[in-house]
Amino acid sequence: MSDNSERSVVVERTSSGHFVATNARGGTISFGTTSGAGGDTEFTPVELLLAAIGGCTAADVDTATSRHAEPSEFSVAVTGDKISDELGNRMINLAVTFTVAFPDGEGAERARAILPRAVKSSHDRMCTVSRTIETGTPVTAMIKDA
């Protein structure tokens, strides 16, 4: 493990059902759980999870393929079903679908050839987000003393 392995965000409540997450570099993202006052378009925590899966694997695949050719189209759709059962609220049927195209030109055939291997490699070992979900890493919840 590297010396600088810790990653963190701080989530602060801004109003009822609305929050802002701030990373260690000062970046922020707003999200919420209720509608109204901007809540109609805010991401929900579940949508942020889906975006994290898609963003992580997109970055892996983009790095592997775009060094050979700039894509003319590159999108990643992430879907799943939110259920509530005896195990509690959770997501099932998570699926990641890539739509990637490269224009004809230098490196395009190589980028197309690499694409399936890059997607598989990201899924099987590189994407930290989906790998964490698939391996079932425990989450500890605690209350800090005031």
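**Exercise 1. Find which elements supply at least two residues each of the lining of the largest pocket, then describe that pocket.**

Strand S1 (9-15), strand S2 (18-23), strand S3 (28-32), H1 and H3 each give at least two residues to this lining. Helices (H or I, at least four residues) and strands (E, at least two) are DSSP runs, numbered from the N terminus. The model is a predicted one, in which local features need pLDDT of at least 70 and side-chain atom pairs count only at pLDDT 80 or more, while totals for chains, interfaces and linings use all residues. Residues are numbered from 1 along each chain as its sequence is written, and side-chain values use heavy atoms, with hydrogens and water left out.

Next, take the volume: the largest pocket holds about 1000 Å³ of space. Of its 22 lining residues, Arg7, Ser8, Val9, Ala52 and Val129 lie nearest the centre. A pocket here is an open set of points on a 1 Å grid over the protein atoms alone, where a 1.4 Å probe fits, with protein on both sides within 12 Å along at least five of seven lines; lining residues have an atom within 4 Å of a point.

Finally, sort the lining by class: twelve residues are nonpolar, seven polar and three charged. Ala, Val, Leu, Ile, Met, Phe, Trp, Tyr, Cys and Pro count as nonpolar, Asp, Glu, Lys and Arg as charged, and the others, Gly among them, as polar.

**Exercise 2. Work out how H1 and H3 pack.**

Start with the geometry: helix H1 (residues 45-66) and helix H3 (residues 128-135) meet at about 120°, and their axes are 7 Å apart.

Then look at the contact (heavy atoms within 4.5 Å). H1 brings Leu49, Ala52, Ile53 and Cys56, and H3 brings Thr128, Val129, Ser130 and Ile133. By class, this gives six nonpolar, two polar and no charged residues.

**Exercise 3. Decide whether Ser122 is buried or exposed.**

Locate the residue: Ser122 belongs to helix H2. Its relative accessibility is 0%, so Ser122 counts as buried (under 20% relative accessible area; exposed is over 50%, partly exposed in between, with a 1.4 Å probe and protein chains only).

Now for its surroundings: beyond neighbours within four places in sequence, Ser122 touches Thr57, Asp60, Val61, Cys127 and Arg131.

For comparison, Arg117 also sits in helix H2 (residues 108-126), but Arg117 is exposed, at 51%.

Terms used
Axes fitted to C-alpha atoms, helices over the stretch in contact; angles between N-to-C directions. Points joined across faces, edges and corners; volume = space filled by probe spheres on them.
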